[in-house]
Amino acid sequence: MSSVPVARIHDCRVTLGQRKVLDGVTLDVLAGQFIALLGANGSGKTTLVRAMLGLLPLEAGRIELFGTPLERFKQWGRIGYVPQRFGAVSGVPATVEEIVMTGRIGVARRGRAYSANDRDAGVRALDSVGLADLRRRRISALSGGQQQRVLIARALVNDPELLVLDEPVSNVDLASQESFSETLGRLPESNAVLLLAHALGVMQPLVDRTIVLDEGKISYDGPPGPEHVTGHEHHHPDPHSVR
Amino acid sequence: MIEVFQLEFMRRALLAALLVGITAPSIGVFLVQRRLALMGDGIGHVAFMGVAAGLFFGVSPIVSGIVAASLAGAGIEVLRERGRTAGDVALALIFYGGIAAGALLTFKSGKGNQVLGYLFGSVLTVDLRDLSTLAVAGVLVVAAMTVWRKEFFALCYDEEVARSSGLPVRALNFGLAVAAAVTVGVTMRVVGILLVSALLVLPVAIVQQLTRSFRATVLASMALGGALSVGGVLAAFYLDTSPGPTIVLIALAAFFAAALLSRRGVGQTAPGSA
């Protein structure tokens, strides 16, 4: 069972407008792997995970999740997704708990209130990011770093086997980044993590495989090297990636 | 005060106002959540065409207004789904088309006076047939918004994550658009097409300054919507003003009062369940 890749991406191509955003990407995500997917803005990282989650149509290629072709995949509770967001604030007031529970929506019974089981899962997820005490707070009363952890808790609420995080620390301070990396370090060994970032930064000790995307193609796939820690500008003298 | 309730037309008006006042924020809260607070206005443009068509062809203007608004709501959803840039101009085309066609039909039918009642609301002329339409539509909308509240909340909070959780996003989006359209259709009878959005949005805007949870915001805005509408109709009766604008102006005053309270920290720091 563990031999089936968590995600299998084969020769994927995505074109948005006139631009080839993914140009033949092939990779397997294995159970227990902590993968950092690095690349400059516009390199195709977000597009790759959005295609993998069925949020964008493929132009060509195949994707399998847990051995099932994407088109037929239904067990979305096995994947936790943290999209890139600026904070977790809602257009209308909402408590931390209400936000976290939205992660449970695919698992909970439709047209009913959340069950006691659902609620317990919510509290456990908040506990795992150290925010259980704040669950009745209004989300806007939390700091940016805390809001980011709320979104992680939302992705953890179904105990997913694959956690996908799109630049989770690009907008929070160093202290929050460190507490965030601690949170990820506490995940079970069997969990696969796909972390999108510009550079490894404080996550470096957790990462066991680095994939670098460059203009829609994989330019590196292997163990993390020192050049991945602070950025890849030296590696790829691409004017777009220089800040 | 008692004499108001002895008047048949006032009893009907108050009941209509209560129904609409409760229904409008139940869907409005999701529009605000999605930052589509002005969507009600857009749908209203097309509802106007429906009303004019109803008067022209001699069918119930509320029903034809609701039908036209629902088609507009579904159309807007299709455009929203396809992406923003082209959708924006297409929305404008739908809205102006609605107003122009409505105006044309109004002139042709020669029923300008009745159309005016729908533009600014004429709750005092609500008859039993209108009232039963309002009741059925209102109960359906409130029931749908209550039964699937957690699904609609997840959808409006983060559509992408909702989709990647396996939620039937498309069906829910259409449900929401049609529910919004039906609400616009019934609300216009009370406050008028031009002020429809006020009743969808203002109760939410008022209470959200004082609430912490989504649940509390939904329940409080529905209660407040009902109270403001009934209060507005009563005030209009005694002040001899027009009910629709009276409701909206009272709601605006309540908004500023809530803003003052919230600046003093009411609701933000108070512990306990929200």
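A: Happy to! Keep in mind that this is a predicted model. To begin, helix 2 of chain B and helix 7 of chain B are roughly parallel to each other, because their axes cross at roughly 25° and angles under 35 degrees count as roughly parallel.

Q: Within what distance do the axes of helix 2 and helix 7 of chain B come?

A: The axes of helix 2 and helix 7 (residues 128-147) of chain B come within 9 Å. The crossing of helix 2 of chain B past helix 7 of chain B is left-handed.

Q: And which residues in helix 2 of chain B meet helix 7 of chain B?

A: From helix 2 of chain B you have B:R12, B:L15, B:A16, B:L19, B:V20, B:I22, B:T23, B:S26 and B:I27. They meet B:L131, B:L134, B:A135, B:G138, B:V141, B:V142 and B:M145 in helix 7 of chain B. Sorted by class, this contact of helix 2 with helix 7 of chain B has twelve nonpolar, three polar and one charged residues.

Q: OK, next pair. At roughly what angle do helix 4 and helix 10 of chain B cross?

A: Helix 4 (residues 61-82) and helix 10 (residues 169-191) of chain B cross at roughly 150°, and their axes come within 8 Å. That crossing of helix 4 and helix 10 of chain B is right-handed.

Q: What residues meet there, in helix 4 and helix 10 of chain B?

A: Helix 4 of chain B brings, among others, B:G65, B:A69, B:A72, B:G73 and B:I76. Helix 10 of chain B meets helix 4 of chain B with residues including B:F174, B:A177, B:A181, B:V184 and B:M188. By class, the contact of helix 4 with helix 10 of chain B has 15 nonpolar, five polar and two charged residues.

Q: What about helix 8 and helix 10 of chain B, at what angle do they pack?

A: About 100°, with the axes of helix 8 and helix 10 of chain B 11 Å apart. That makes helix 8 of chain B roughly perpendicular to helix 10 of chain B. Here B:E151, B:F152 and B:L155 in helix 8 of chain B meet B:V169, B:L172 and B:L176 in helix 10 of chain B. The contact of helix 8 with helix 10 of chain B divides into five nonpolar, no polar and one charged.

Q: Let's zoom out. How many helices and strands does chain B have?

A: Chain B has 13 helices and zero strands. Its radius of gyration is 19 Å, close to the 19 Å that the globule rule gives for 274 residues, so chain B is as compact as a globular protein of that length. The C-alpha trace of chain B spans about 55 × 50 × 30 Å along its principal axes.

Q: And what is the secondary structure of chain A?

A: Chain A has five helices and ten strands. With a radius of gyration of 18 Å, close to the 18 Å the globule rule gives for 243 residues, chain A is as compact as a globular protein of that length. Its C-alpha trace spans about 50 × 40 × 35 Å along the principal axes.

Q: How many residues from chain B and chain A does the contact take?

A: It takes 28 residues from chain B and 21 residues from chain A. On the side of chain B that touches chain A, helix 2 (8-33), helix 8 (149-157), helix 9 (159-164) and helix 12 (214-239) of chain B each give two or more residues. By class, that side of chain B has twelve nonpolar, eight polar and eight charged residues.

Definitions and conventions. Residues numbered from 1 in each chain as written. Chains lettered and ligands numbered in written order. Predicted model: local features only at pLDDT ≥ 70, side-chain atom pairs only at ≥ 80, totals over all residues. Contact = placed C-beta atoms within 7 Å. Helix = DSSP H or I, 4+ residues; strand = E, 2+ residues; numbered from the N terminus. Nonpolar A, V, L, I, M, F, W, Y, C, P; charged D, E, K, R; others polar. Axes fitted to C-alpha atoms, helices over the stretch in contact; angles between N-to-C directions. Left-handed = near helix turned anticlockwise from the far one by under 90°. Parallel < 35°, antiparallel > 145°, perpendicular 65-115°, else oblique. Rg over C-alpha atoms; globule rule 2.2 N^0.38 Å.
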